[in-house]
Amino acid sequence: NFDDYDIWMSKLCSEPTTKNWRFWQYSHDGTLTGISADVDLNTFNGGFEELDRYINSKKRINEDTYN
C-alpha cells in the first residue's frame, strides 16, 4: 500500500495520461554539463510556487522526523 507516497511516473515516450502524478521521468539518457554518464531527466507536475511549497513541506516532515 503506497497511499502515503507521491506518484513518480517513468514514461519515456509521452506525458502520462493520468493527472495524479507528482514527478515524471521523461528520459533516462539525458545529459548535463559536468556529468559524463547518462542521467535521468524529470519534471514536476505544477508551477514553481507549487514546487516550492512541496519542497518546504518535505523539509518540515524530515525536520520533525529527525529532530
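Residues are classed as buried when their relative accessible area is under 20%, as exposed when it is over 50%, and as partly exposed in between (1.4 Å probe, protein chains only). The structure is a predicted model, in which local features need pLDDT of at least 70 and side-chain atom pairs count only at pLDDT 80 or more, whereas totals for chains, interfaces and linings use all residues. Residues are numbered from 1 along each chain as its sequence is written, and side-chain values use heavy atoms, with hydrogens and water left out.

A search of the whole structure identified 5 aromatic pairs, a pair being rings of Phe, Tyr and Trp (its six-membered ring) with centres within 6.5 Å, termed stacked for planes under 30 degrees apart, edge-to-face for over 60 and tilted for the rest. Among them, F23 and Y54 adopt an edge-to-face arrangement, at 5.5 Å centre to centre and with 70 degrees between the planes. F23 is buried at a relative accessible area of 13%, and Y54 is buried at 17%.

Y54 also pairs with F44; the ring centres lie 5.8 Å apart and the planes meet at 45 degrees, so the pair is tilted. Here F44 of strand β3 (residues 35-44) is linked to helix α1 across 10 residues. F44 is likewise buried, with 12% relative accessibility. Elsewhere, W21, W24 and Y26 form one aromatic cluster.

Definitions and conventions. Helix = DSSP H or I, 4+ residues; strand = E, 2+ residues; numbered from the N terminus.
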